[in-house]
Amino acid sequence: MSSVDNTFIYSAKNLDYDYPGGIAALKEICFDIGAGELVALVGANGSGKSTLLKLLDGLLFPTSGELLAFGMKLSEKILETGSRAVDFRRRVGLVFQDPDVQLFSPTVWEEVTFGPLQLGICREEVISRANEALELLNIVNLRERPPYLLSGGEKKKVSLASVLSLRPQVLLLDEPTTGLDPWSQGNLIDFLLQWADKDKVLVFSTQDLDVVEEVATRIIVMGAGHGIVADGKPEEFLSDSDFLLRNNLVHEHSHRHKDLVHRHPHLHERSHEH
Amino acid sequence: MTGGGFLARNIAGFTQALESVLVTENLSRIPGFMQGLDPRVKVITLLLFIIFVGLAQDFPILIAILILSLVLVLLSKIPMALYFKRLFIFIPIFTAVIAIPALFITPGTPLLSVAGKAVITLQGARTAGLLILRVTDSLSLGLLLIITTPWTKFLVALRWLRLPSLIVDILGMTYRYIFLLLHTANSMFMARQSRTIGGFTGAENRRWLGRALATTMVKSQYLSEEVYLAMLSRGYQGEIRTLSELNIRGRDFVWMAFTLSALSLILWSIYR
C-alpha cells in the first residue's frame with residue numbers, strides 16, 4: 001500500500017488495461033473522483049466502460065499505471081484477503097450488467113444477505129440490512145423466490161438490493177437501465193437521486209443520455225480508442241451534437257414524422273412539462 | 001427424422017423439464033404435513049426409514065412402510081397421479097436389470113415354467129418381489145422428501161448435516177444455473193426452428209447438436225468466470241457463509257417420536 005493523497009475516493013493515473021493476449025481495453029486513463037460525485041461513464045460499445053467499472057471494484061487490475069481507492073493502491077495482493085480487503089468490499093459495491101451473473105444464490109433472501117455475511121457482519125445486522133434493502137426497492141414480496149422465477153426488471157432490482165445491503169459508500173452500476181421498462185427506469189432514477197449524498201459516490205455506465213442528464217453531475221466519455229475523450233459537466237457535452245455524433249453517442253438515421261420520412265441526428269432532448 | 005420433429009421434441013423436452021421443476025417448487029410450499037416439518041428432521045427421519053427398508057426382510061414391513069409413505073403423500077396434499085407418475089418412471093430403471101434375472105437364477109422350488117425351458121422359482125419370485133418393494137419404498141420416501149422440501153431448505157439441511165460446504169455450494173449453483181443454460185439451449189433450438197423449412201437428416205441434426213453443445217459450454221465457462229467475479233465483489237473469500245434460519249417445533253418432535261417408535265418396532269420384528 002502506498003501513501004497517497006486521500007482527498008479523492010478514486011484516483012487513476014495513466015491507467016492501461018490489456019485483455020489476455022495483449023488486446024487493449026483501456027488506454028492512459030486519468031481521473032480523480034471525489035465524494036458526492038455522480039459520474040456517468042458513456043461511450044460506444046466496446047469502449048471499455050464495463051472493464052473500467054471492474055477495475056474500480058478491484059476485480060481486475062491495471063496492466064500499467066495505478067489506481068488508488070480511499071488512498072490505497074489497488075492490487076491483487078491487497079484485495080486477496082485481510083482487513084483492507086474486507087474494508088474495501090464493504091465500501092464499494094458493483095451491480096453487474098447481466099443480473100444472471102449477480103444472482104447466484106438459491107433465493108432472493110440468500111442473495112441479499114450474501115454480501116454482509118461474507119464480510120463478517122453480525123447476524124442481526126445482516127437481517128436488518130437485508131430487510132432494509134428489500135424495502136428500499138419495494139421487493140419484500142420476492143424474498144423467498146428463486147432467481148430463475150424472476151422477471152428481468154425484478155432481477156435488476158434484486159441485483160441492486162444485493163449490493164445495497166452492504167450499505168456501500170461507492171455504488172458502481174453497469175448499464176443499470178438496460179432492459180428496464182420506462183416505469184422501472186423512472187423508479188431507479190428516483191431511487192439513485194434519493195440514495196446520493198455528499199459522502200457517497202455513484203459511477204454508472206450507460207448508453208442512455210436521458211439518464212445521464214437526469215442523474216449525473218459529471219460525465220466521462222470513453223472513445224473508440226479506449227481512452228477518455230471528454231470529462232466534465234454533462235451540460236457541456238450533451239448539447240454539442242457534433243461531439244455526440246463524433247463519439248457515436250447519437251445517431252443519424254431515417255425515421256418517420258407522420259407521413260414524412262427523413263434523416264437527422266437524434267439528440268437526447270425529451271420535452272416535458274413541469 | 002425431420003428437422004421439425006427433432007427440434008420440436010427438444011423444445012418440448014426443455015419446457016417440460018422447467019414445468020416439472022416449477023410444479024415441484026410449488027408443491028413444496030403448500031401447507032401440508034411434511035411441508036411443515038423442519039428439513040433437517042425430514043432428511044434424517046426419511047433417511048433412517050430408507051436404511052431400515054434396506055434391512056427389512058419381510059413383506060409385511062415393506063408393505064407397511066409403503067402404506068405409511070402413501071398416507072404421508074395424502075397428508076401433504078400431493079396429487080396422487082403426479083406422485084405415482086414420478087414413482088413408476090424410476091422403478092423399472094432401477095429394478096428390471098436385477099429383478100428379472102433373479103426370478104430365474106435363484107435356486108429353489110419351481111413355481112412357473114416359461115416357454116418350457118426357463119423356470120421361475122418360489123425363492124426367485126420372493127427375492128424379486130422383495131427387491132421391487134424395497135426400491136419402491138426407497139423411491140417413495142425419497143420422492144416425498146424432494147417434493148415436500150424447497151430445494152433451498154434442502155441445501156441448508158445438508159449444510160447442517162456437515163456435508164462439506166464446497167459440495168453444497170456447487171450443488172446449489174448447479175441447480176441455479178442449469179435453468180439459465182436450459183433457457184439458452186431452448187432459445188437456440190427455437191432460433192433454428194424459426195429458420196427451418198423441411199427436414200434434416202439424422203447426421204445433420206447430430207452435427208448441429210454438437211455445435212450447440214459446444215456453444216453452450218463456452219457460454220457456461222464465460223458465465224462461471226463472471227459469477228466468480230460477482231462473488232468476489234461481495235466479499236467471497238473461499239467459503240460461503242449463510243444464515244441458518246431453521247427451527248424445530250412441536251410437530252417435528254411428534255414426527256420424530258413416531259419415527260423412532262416405528263423404527264423400533266421394525267427392529268424388534270427383524271431381530272425377535
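Is Cys30(A) buried, partly exposed or exposed, and at what relative accessibility? Cys30(A) counts as partly exposed because its relative accessibility is 41%, where buried means under 20% relative accessible area, exposed over 50% and partly exposed in between (1.4 Å probe, protein chains only). Cys122(A), with a relative accessible area of 46%, is likewise partly exposed.

The model is predicted, with local features requiring pLDDT of at least 70 and side-chain atom pairs counting only at pLDDT 80 or more, whereas totals for chains, interfaces and linings use all residues. Residues are numbered from 1 along each chain as its sequence is written, chains are lettered from A and ligands numbered from 1 in the order in which they are written, and side-chain values use heavy atoms, without hydrogens and water.

Strands are DSSP runs (E, at least two residues) numbered from the N terminus, and two of them pair if DSSP finds at least two bridges between them. In chain A, β1 (residues 10–19) and β2 (residues 23–33) are antiparallel partners over seven bridges; Leu15(A) has Ile29(A) in β2(A) as its bridge partner. Three residues lie between the strands of this hairpin, in which Gly21(A) adopts a positive phi near 100 degrees.

Between β6(A) and β7(A) (residues 170–174), the pairing is parallel over four bridges, and Val95(A) has Leu173(A) in β7(A) as its bridge partner.
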